[in-house]
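Please look through the sequence and the model before reading on.

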Amino acid sequence: MKSDLFSSDHMAQPAHVPGMTLQSAKSIKYAVNGEMHARQGAMIAYRGNLQFERKGQGVGGMLKRAVTGEGLPLMAVRGQGEAWFAHEAQNCFIVDVEPGDVLTVNGRNVLCFDATLSYEIKTVKGAGMTGGGLFNSVFTGAGRLGLVCEGTPLVIPVSPQEPVYVDTDAVVGWTAHLTTSLHRSQSIGSMIRGGSGEAVQLKLEGEGHVIVRPSEATPQKAQQH
């Protein structure tokens, strides 16, 4: 059988090192030798001796809410083998988190991560009254984190002299040392008369970077998972 489909661009190759690598722009391959974590429903294929265990709510069990308000249940993957992860053909990215790093991520953008990473759910300060959700996931420790994004993300530097204002439905995450607060870009009177629909943003101040997706969230789509 001959076809471009069977070219090396599409063919899965054996893993040479354990851990996470990009299989393609739309999927991540994880060579498991022990344990790793992923969002439930994200596994698209695997081979080897792997077990998948649904993790319940509680400490270490669930990224409870994303900015859109939906839950993101996790699963533990244990054993020896290879697994491939993807989510709705979104673009995939790998972040190397090093000791001392702190990365705040919207739960909807988490695909998979090393078990050596620690995470906790924290309220997004200043976002409690917006149409988005209240919680993000804060990752620390040492390991690799696989993210998904609808489209190619925009990374914007933030400095004390130049704060950045982001739509709460578009923000993917931000680095440590940034503080958040609620910012209104319209007056109440303008909103009553119609306005632009972009009345409230999240203001980020300090020194670091904010990651933004090139589209707003679609909560109806997200709630299917």
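Which residues does Gly173 touch, not counting residues up to four places away in sequence? The answer follows after a note on the model.

## The model

This is a predicted model, in which local features need pLDDT of at least 70, side-chain atom pairs count only at pLDDT 80 or more, and totals for chains, interfaces and linings use all residues. Residues are numbered from 1 along each chain as its sequence is written, and side-chain values use heavy atoms, with hydrogens and water left out.

Gly173 touches Thr104, Val105, His209, Val210 and Ile211, where contact means heavy atoms within 4.5 Å. Gly173 lies in strand β14; strands (E, at least two residues) and helices (H or I, at least four) are DSSP runs, numbered from the N terminus. Gly173 counts as buried because its relative accessibility is 1%. Buried means under 20% relative accessible area, exposed over 50%, and partly exposed in between, with a 1.4 Å probe and protein chains only. From C-alpha to C-alpha, Gly173 is 8.3 Å from Asn136, and 37 residues separate the two in sequence.

Tyr119 belongs to strand β9. With a relative accessible area of 16%, Tyr119 is buried. The C-alpha atom of Tyr119 is 8.6 Å from that of Gly141, which is 22 residues apart from Tyr119 along the chain.

## The whole protein

The protein contains 2 helices and 17 strands. Of its 225 residues, 44% are buried. Among contacts with a separation of 6 or more, 78% join residues 24 or more positions apart.

## Strand β2 and its partners

Two strands pair if DSSP finds at least two bridges between them. Strand β1 (residues 19–24) pairs with β2 in the antiparallel sense over 5 bridges, and a hairpin through 2 residues joins β1 to β2. Gly19 has Ala31 in β2 as its bridge partner.

β2 also pairs in the antiparallel sense with strand β8 (residues 110–114), over 3 bridges. There, the bridge partner of His37 is Phe113 in β8.

Strands of a sheet pair through backbone hydrogen bonds, either parallel or antiparallel.

β13 and β16 (residues 200–206) are paired over 3 bridges, and Val166 stands opposite Leu202 in β16.

## The largest pocket

The largest pocket has a volume of about 270 Å³. On a 1 Å grid over the protein atoms alone, a pocket is an open set of points where a 1.4 Å probe fits, with protein on both sides within 12 Å along at least five of seven lines; lining residues have an atom within 4 Å of a point. The volume is the space filled by probe spheres set on the points, which are joined across faces, edges and corners. There are 15 lining residues, and Thr104, Lys122, Val138, Trp174 and Leu178 are the closest to the centre.

β7 (102–105), β9 (117–123), β10 (135–141), β14 (171–175) and β15 (178–184) each supply at least two lining residues. β15 gives the largest share, 3 residues. The lining divides into 6 nonpolar, 7 polar and 2 charged residues; Ala, Val, Leu, Ile, Met, Phe, Trp, Tyr, Cys and Pro count as nonpolar, Asp, Glu, Lys and Arg as charged, and the others, Gly among them, as polar.
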